[in-house]
Amino acid sequence: MSKKHTPPKLFLDFFRWFCHRDYLEDLEGDLMERFERRAKEKNVRKARRGFSKDVIQLFRPGIIKSLSGTQKLTTYDMLHHHALLTLRNFKRYKNSFLINLTGLSTGLACFFLISLYVHDELIIDKFHENDDQLYQVMNNLHQSAGITTGSQTPAPLGKALAEEIPEIKLSASVIPVGFNNDYGLVSAGDNYIKAAEQYVTKDYFKLFSYKILEGTSADIVSRKEGVAISEALAIKLFNTSNGLVGKDLKWAKEDFSGEFVITGIFETPPKNSTVQFDLVFNLELFLDQAPYLRKWWNSDPETYVRLENNADPVYVNSKIEKFLHTKVRNSASTLFLQRYSERYLNSRYENGQVAGGRSQYIRLLSVTAILILIIACINFINLSTAKASRRLKEIGIKKAIGASRRMMMFQFLSESFFMTLIALILALTMVVIALPHFNVITGKELIFQLDQWTVLTLSIATFFTALLSGIYPAFYLSGLNAISTLKGIFPVQLSKGHSRKGLVVFQFSISIMLILSVIVVYQQITYIQSKNLGYSRENVLYISNDGALNEQQESFRSRLKNIPGVVNTTSFYHDLVGDYGRTGGVSWKGKDPDVIMSFVNLEVGYDFVETLSIEMAEGRSYSHDFQDQKGKIMFNEAAIDVMGMEDPVGKKIILWGEEREIIGVVRDFHLESLYETIKPCFLQLVPKANKTLFKIQPETKTSTIRQVQTLYQEFNPDFPFEYKYLEDDYRDLYAPEKQTEVLSRYFCGIAIIISCLGLFGLVAFITEKRLKEIGIRKILGSGTTRIVYLLSSDFGKMVLIAIIIALPVSYLLTKNWLDSFAYRISLEWWFFAGSGLVAVLVAWGTVAVQTIKAANINPVECLKDE
Amino acid sequence: MSKHHLGEFEEIVMLTVAVLHDEAYGIAIIDEMEQRLNRKVSIGALQTVLRRLEKKGYLSSRFGEATKVRGGKRKRYFTLTSYGKKVLAEVKEQRIGLWNAIPKFVLGE
C-alpha cells in the first residue's frame with residue numbers, strides 16, 4: 001500500500017482511544033474499507049475527509065467506552081475501589097466519621113465566612129481607577145510631648161504641591177464629610193432632607209473615580225454658587241436624575257446656607273467607599289467663611305494627590321517632607337504620603353508612622369480561621385492513625401498482593417479528599433445558613449456568590465485541608481511492613497503514639513491561646529466602655545443648630561431648659577471622640593519661646609462643665625453671673641502641668657495676642673479614643689456653636705424627647721428633627737474592636753468544641769481497645785477511681801504540657817496588643833489561671849465521660865467472648 | 001401498544017440485515033440501505049443502532065475471517081435472532097392490520 005493511502009493519523013488515534021474495546025476491530029475495519037473504496041472511486045483527499053467525518057460521527061454514546069472501563073485495574077477502578085472502601089469505613093466507624101465531618105465542615109465554614117469578611121475589608125476604597133497613584137498627604141506635628149499625626153493640612157498646599165513638584169500630577173484639597181457636623185439639610189421645595197457634603201477644589205473628580213453622569217469633570221465644581229449632587233440625592237429630591245443641570249436647590253448648614261445651582265450629577269459612591277457624600281461644593285465657598293484658612297500657618301482641609309504613573313512614592317515622600325518649611329518659617333509640621341486605599345485598614349499612627357488599625361484585626365481573624373482548620377485536620381490525622389490498628393490486615397494483604405507504597409498512599413489520600421469533599425458540601429450549606437447572622441454581627445452586607453475570589457479560596461482551602469489531613473496518615477500507614485502487619489505485630493511507634501500526643505498538645509495549646517485572647521480582648525473592651533472618662537456621657541443627647549436655631553441659640557436653650565425632664569443644656573463646637581481644633585497660639589509668663597506647645601481648643605457654651613458633669617479642680621466655670629464673654633479662659637490639669645504653673649486661678653495668659661484670665665481648672669477628661677493620652681486643652685467660651693447638648697432624665701425619656709421635638713419644630717418647621725446620643729458616638733469609636741471581640745468569641749468556642757470532639761473520639765477509641773485489660777484489672781480487684789486515673793492521666797499530662805506551652809506565647813501576644821492602648825487593663829494572673837483551668841476542665845470533662853463509663857463496665861461483659 | 005417497540009430506523013436496519021442474510025456487516029448494510037431507500041445513512045447512527053439491537057437480543061453477531069483489505073481487520077456479521085424475527089413479524093402484522101383497517105374510499109381507490 002502506498003504511503004498516500006493512509007487515513008489521517010490524528011483521527012485514527014482518536015478513534016482508537018475512545019472506541020469501546022469490543023467494537024474496535026470491526027469498526028476500524030469498516031472505516032478502513034470505506035476509506036479504501038473512496039480513495040479508489042474518488043481521490044485520497046476526499047477519502048481522508050470522509051474518514052474524519054465518519055470518526056466524528058462515531059464519537060457518540062454507545063460507541064465510546066464507558067468510564068468504568070472494560071479493562072480491569074485502571075485508575076478509574078482504583079478510585080471506585082477506594083471510594084467503596086472509604087464509604088464502608090465511614091459506615092463502620094460512625095463516631096469518627098461524624099467527628100471528622102463535624103470538625104472539617106465547621107472548620108471550612110468558619111474559614112469561608114472569615115474569607116468573605118476579609119475580602120470585603122480588603123476591597124474598600126480599591127475601586128478608584130488610579131488607586132496605585134492615589135495618595136493622601138498626612139501631617140506630622142512635632143512637639144515636645146511627641147509627634148501627633150493628622151490629616152489636616154493648609155488649604156493652599158494642594159495647589160502648591162501640584163505646581164512645584166513635577167512627580168505630582170494632580171491634587172485636590174477637600175473639607176471632608178462630617179466637618180463640624182455629619183450632615184446639612186437640602187431641599188428643592190419645602191421639605192428638607194439630610195445630606196452629607198464635601199467642599200473640594202476643581203480637580204477632585206479627576207483624582208477620584210466617581211463617575212459623572214451629567215456635567216464634565218472640568219467644570220462640575222468650578223463655581224462657588226454651583227453644586228454637584230449624587231444620583232441618589234437627585235432621585236430623592238426630583239424623582240429623576242436627568243436634565244437637572246441648571247436647577248436650583250436650597251442648602252441649610254450654618255453659615256454656608258443659601259441657594260445653589262446644580263452643575264452636575266455624579267454616581268452615588270459605592271458601598272465600598274469610605275467616603276459617602278451627596279453634595280459637592282467648591283472649596284472657595286468654605287474658605288470665604290473661614291478666610292484665615294487661606295494662610296499657610298493654619299491647617300484644616302485634607303490634601304489628596306495623584307502621582308505620575310512612574311513616580312516613586314518614596315522619592316516623592318522625601319521631597320515633600322520639609323515642604324511646609326519653605327512656606328512657613330519654623331514650621332513644626334512635616335508631611336508624608338499615605339496610599340489612599342490603605343487609610344481604611346491602617347488608620348492609627350504612633351510617632352508619626354503608620355501603626356496599624358483594622359489590618360491588625362483582619363490578620364487576627366485570618367490566623368484564627370487557619371488555626372480552626374488546622375485543629376480540624378489534626379482530628380482527622382489522630383483518628384485515622386489511631387484507627388490504623390484496625391486496618392493492619394487490609395494494609396498487609398494489599399501489600400502482599402503487590403500494592404506499591406504509592407498506591408497505598410493514593411488510597412489514604414483519596415480517603416481524606418473524599419471526606420473533605422463531603423465536608424465541603426456541608427460547609428457551604430452552613431455558610432448559606434449562617435451568613436445572615438454573621439452579617440448582623442459584623443454589620444456588613446456580605447453575599448455568598450461564586451465569584452473569582454470565592455472559587456479560588458474555596459478550592460485552595462479544600463485542597464490544602466484534604467492534603468494536610470491525609471498526607472501524614474498516608475505516609476505513615478503505607479510505610480508499615482507487610483509481614484509484621486499480617487502477623488499482627490503492632491509496630492512500636494504506632495502503639496506509643498508520640499506524634500499523636502504531640503498533635504493533641506498542639507491542638508490544646510491553640511485552644512488555650514484563643515481562650516486567653518478572648519478573655520483579654522473582652523476585658524479591655526469592657527474597660528473601655530465603662531471607663532470613667534472624666535465626664536458623664538449617659539443620657540446626653542445633641543442636636544445640630546440648623547436654620548433658625550443657629551441665630552437664636554440662647555433663646556432656644558433657655559426654653560429647652562424649661563422642659564420638664566431636661567436636666568441641663570449647653571452648646572459645643574466639636575464631638576467628644578476626637579474632633580477638635582488645635583493651636584500653638586498660647587503663651588504665658590515663663591514660656592520658653594523656642595518650644596512649640598500646642599493646645600486642644602474646645603469652643604463651648606455656658607453650663608458645659610455642669611451638663612457633662614466634668615469635675616472642677618480649682619476655681620469656677622463659665623457663668624451668666626459674671627462678665628465671662630471676653631477675656632476669660634479655662635484649662636485642664638494636663639495643660640496646667642505642661643505650663644508648669646502654680647495657683648493658676650486668677651493668672652493671665654495670652655491667647656492669639658489677647659490677654660485672658662484663668663478662671664478655673666477642670667480635671668482631665670478624655671477627648672478622644674483611649675489609644676491616645678489626654679492632651680493639654682483649654683475651654684473657650686463662644687456665643688455661637690453648632691451643636692446643642694442636653695442631658696435628660698432617663699425615666700421620662702420618650703415624653704421629654706417629644707417635647708424637645710415640638711420646640712425644635714417651632715424654630716425650624718421645615719426641618720426634620722434629628723438627635724443623637726453622645727454614648728453612641730463613643731461606642732462607634734470602638735466598633736472594629738467590638739466586632740473582633742464578638743467574632744473571636746464565636747470562633748474560639750468553635751475551636752474548643754472541635755478540639756474536644758477530636759479528644760472525645762480518641763479517648764473513646766483507646767478505652768474501647770483496652771476494655772479487656774480493664775476487665776481483668778477489675779477482676780483482680782482494681783477500683784473504679786484507679787482505672788479512671790489509669791485511663792485519663794495521659795490526657796491530663798498532655799493538657800498540662802499544652803498549658804505550659806500556650807501561656808507564655810499568649811502573654812506576649814496579648815501584651816503586644818494591649819500596648820497599643822494608652823489606657824489599658826493590666827494582665828492579671830487569673831486570666832492565665834482561668835484559661836488554663838477552662839482547658840483542663842473541658843478536656844477532663846470530655847475524657848471523664850468515656851473513662852468513667854469504661855471503668856464501670858461489668859468485667860463479665862468484656863471478657864465473656866474469649 | 002406492543003411491549004416490543006421498534007423505532008423506524010431500528011426497523012429498517014433489522015429488515016436490511018434480514019435482506020442481506022449472511023452478508024450483513026457494517027458497510028454492506030449502509031450500501032444496501034442507501035441503494036434501496038435512497039437516503040443517507042451515517043456510520044455513527046447505524047453502528048449505535050446495531051449495538052443497541054444486539055444488546056436487546058434482536059440481533060446476534062460473529063466475526064468473519066481476516067482479509068488483506070480493510071487493514072487486516074475482521075468483519076462483524078449480524079444476523080437476526082429468532083426473537084428478533086418474532087418482533088419483526090409482530091411489527092409487520094401490526095402494519096398490515098392498520099392497512100386493512102383503512103376504509104377503501106380514504107385512499108381514493
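Select R667(A) to begin: with a relative accessible area of 37%, R667(A) is partly exposed (buried is under 20%, exposed over 50%, partly exposed in between, with a 1.4 Å probe and protein chains only). This is a predicted model, where local features need pLDDT of at least 70, side-chain atom pairs count only at pLDDT 80 or more, and totals for chains, interfaces and linings use all residues. Residues are numbered from 1 along each chain as its sequence is written, chains are lettered from A and ligands numbered from 1 in the order written, and side-chain values use heavy atoms, leaving out hydrogens and water.

Helices (H or I, at least four residues) and strands (E, at least two) are DSSP runs, numbered from the N terminus. E637(A) is partly exposed too, at 26%.

Next, pick D607(A) and K561(A), another salt bridge, with the closest N and O atoms 2.9 Å apart. D607(A) is in the loop between β20 (599-604) and α20 (608-611) and K561(A) in helix α19 (residues 553-562), so the pair ties together parts 46 residues apart in sequence. Buried or partly exposed: which is D607(A)? D607(A) is buried, at 14%, while K561(A) is partly exposed, at 36%.

Hop to chain B and select K56(B) with E10(B): their closest N and O atoms are 3.4 Å apart in a salt bridge. Helix α3 (residues 43-56) holds K56(B) and helix α1 (residues 8-20) holds E10(B). K56(B) is partly exposed at 39%, and E10(B) is buried at 8%.

Stay on chain B for W99(B), I102(B), F105(B), V106(B) and L107(B), a nonpolar surface patch with about 560 Å² of accessible area together. I102(B) follows α4 (82-101).

Last stop: the second largest pocket, about 670 Å³ in volume. Select Q360(A), L364(A), S517(A), L813(A) and W817(A), the closest to its centre of the 21 lining residues. Which helix of chain A gives the most to this lining? That is α11(A), with seven residues.

Key: Patch = residues over 30% accessible without salt bridge, like charges linked within 9 Å, V, L, I, M, F, W, Y side chains within 5 Å. Areas by Shrake-Rupley, 256 points an atom, 1.4 Å probe, with all protein chains shown as cover. Salt bridge = Lys/Arg side-chain N within 4 Å of Asp/Glu carboxyl O. 1 Å grid on protein atoms, 1.4 Å probe; cavity = no way out; pocket = protein on both sides within 12 Å on 5 of 7 lines; lining within 4 Å. Points joined across faces, edges and corners; volume = space filled by probe spheres on them.
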